[in-house]
Amino acid sequence: MSWKNELPDELWRKILETGIKASNFTYKDLCCVSICCRRLHRLSNEDSLWSHLLSVDFPNQISPPPSSSSSSKSLYRISFEKERERKLLNHKRAVLRKESQVSEHLRKLREFEVRLRDERRKLKSAVSELSNLHKVSQASVALNVWQPEVVRGRQRQMVEQCVVPVESRIRALEMEVKLCNQQLQVFDKAYRDEKRRLDAAKEELKSLMYHPLQDYKPTSNESHENRKKRKKLKTCIDSKILFYISTL
């Protein structure tokens with residue numbers, strides 16, 4: 001005869017009550033105990049056990065009066081389903097908020113990419129013009145010294161084609177190049193910071209997408225694994241119950 005069948009109902013009832021009131025047993029533990037055998041299934045469904053769990057897990061839930069036809073277990077199930085729905089709705093809202101943050105980070109990244117591209121184009125244009133003006137400035141200086149007529153004519157043509165004051169324009173372009181480099185540094189730093197925030201938001205979204213309340217259909221391999229885990233859990237429960245017996 002199994003040792004479980006040798007213990008009277010009163011002792012089993014005391015073990016379960018001690019486990020629940022000591023806050024060691026949760027509703028999951030009680031459900032696992034109920035699948036061990038018919039006797040424990042009957043004892044684990046007693047109203048006093050579920051009434052205590054109901055008051056602990058859902059303190060705002062009013063316990064049913066003695067004359068009520070609703071059992072504490074059925075009320076616990078109703079409260080559990082409501083709490084489950086509330087958590088799922090909160091989870092969906094959190095996912096939507098995080099997806100909105102990811103979209104906003106992507107929008108800002110595209111905006112910074114456009115600004116960086118425009119600023120680089122502006123810098124390239126300013127550097128090219130500055131290089132040409134330096135050549136014009138060098139040609140105007142070279143006109144004051146003796147040179148072959150061919151070279152002198154080419155430099156005179158270059159100076160005459162420049163319709164703006166060379167020195168003032170060079171100073172303006174040098175300032176523009178300096179400002180462009182500063183803007184590029186600012187935009188590049190902002191881009192890297194925004195990329196970091198985007199990566200962090202994506203990681204948070206990835207962790208949010210997993211939820212323990214999410215429904216799924218296990219495959220045949222998963223079903224086999226679940227049966228093995230269930231058998232192992234049953235052995236573990238027996239060991240836990242033996243421990244409670246020894247402490248009584």
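Predicted model: local features only at pLDDT ≥ 70, side-chain atom pairs only at ≥ 80, totals over all residues.
Student: What share of the residues count as buried?
Tutor: Of the 248 residues of the protein, 29% count as buried.

Student: Let us look at a helix pair. How do the axes of α2 and α5 cross?
Tutor: Helix α2 covers residues 9–21 and helix α5 covers residues 47–57; their axes come within 10 Å and cross at roughly 0°. Because angles under 35 degrees count as roughly parallel, α2 is described as roughly parallel to α5.

Student: Which residues make that contact?
Tutor: From α2, the contact is made by L16, E17, I20 and K21, and from α5 by S48, L49, H52 and L53. Sorted by class, the contact of α2 with α5 has four nonpolar, two polar and two charged residues.

Student: New topic: salt bridges. How many does a search of the whole structure find?
Tutor: The search finds 16 salt bridges. One of them joins the side chains of R39 and D9, at 2.8 Å from N to O. This pair links distant parts of the chain: R39 lies in helix α4 (residues 38–44) and D9 in helix α2, 30 residues apart.

Student: Why does R39 count as buried?
Tutor: R39 has a relative accessible area of 19%. Buried means under 20%, so R39 falls within that class.

Student: What about R84 and E85?
Tutor: The side chains of R84 and E85 also meet in a salt bridge, at 3.9 Å from N to O. The two partners fall into separate classes: R84 counts as buried at 17% relative accessibility, whereas E85 is partly exposed at 42%.

Student: Which helices does the salt bridge of E204 and K98 link?
Tutor: The side chains of E204 and K98 meet at 2.4 Å, N to O. E204 is in helix α8 (residues 166–209) and K98 is in helix α6 (residues 72–142), so the pair links distant parts of the chain, 106 residues apart. E204 is partly exposed, with a relative accessible area of 39%, while K98 is buried, with 12%.

Student: Which residues are linked in a network of salt bridges?
Tutor: E104, R107, E111 and R115 are linked in such a network.

Student: On to the rings. How many aromatic pairs are found?
Tutor: A search of the whole structure finds four aromatic pairs. In one of them, the rings of Y27 and Y76 have their centres 5.8 Å apart and their planes at 45°, so the pair is tilted. Y27 is in helix α3 (residues 27–34) and Y76 in helix α6, 49 residues apart, and the pair links distant parts of the chain.

Student: Are Y27 and Y76 buried or partly exposed?
Tutor: Y27 counts as partly exposed at 23% relative accessibility, whereas Y76 counts as buried at 4%.

Student: And how does F58 pair with Y76?
Tutor: F58 and Y76 form an edge-to-face pair, 5.2 Å centre to centre with 70° between the planes. F58 sits in the loop between α5 and α6, and Y76 in helix α6, 18 residues apart. Both F58 and Y76 are buried.

Student: Which residues form one aromatic cluster?
Tutor: The cluster is formed by Y27, W50, F58, Y76 and F80.

Terms used
Residues numbered from 1 in each chain as written. Heavy atoms only, no water. Axes fitted to C-alpha atoms, helices over the stretch in contact; angles between N-to-C directions. Helix = DSSP H or I, 4+ residues; strand = E, 2+ residues; numbered from the N terminus. Parallel < 35°, antiparallel > 145°, perpendicular 65-115°, else oblique. Contact = heavy atoms within 4.5 Å. Nonpolar A, V, L, I, M, F, W, Y, C, P; charged D, E, K, R; others polar. Salt bridge = Lys/Arg side-chain N within 4 Å of Asp/Glu carboxyl O. Buried < 20%, exposed > 50% of the residue type's maximum accessible area, 1.4 Å probe, protein only. Phe/Tyr/Trp six-rings, centres within 6.5 Å; stacked < 30°, edge-to-face > 60°.
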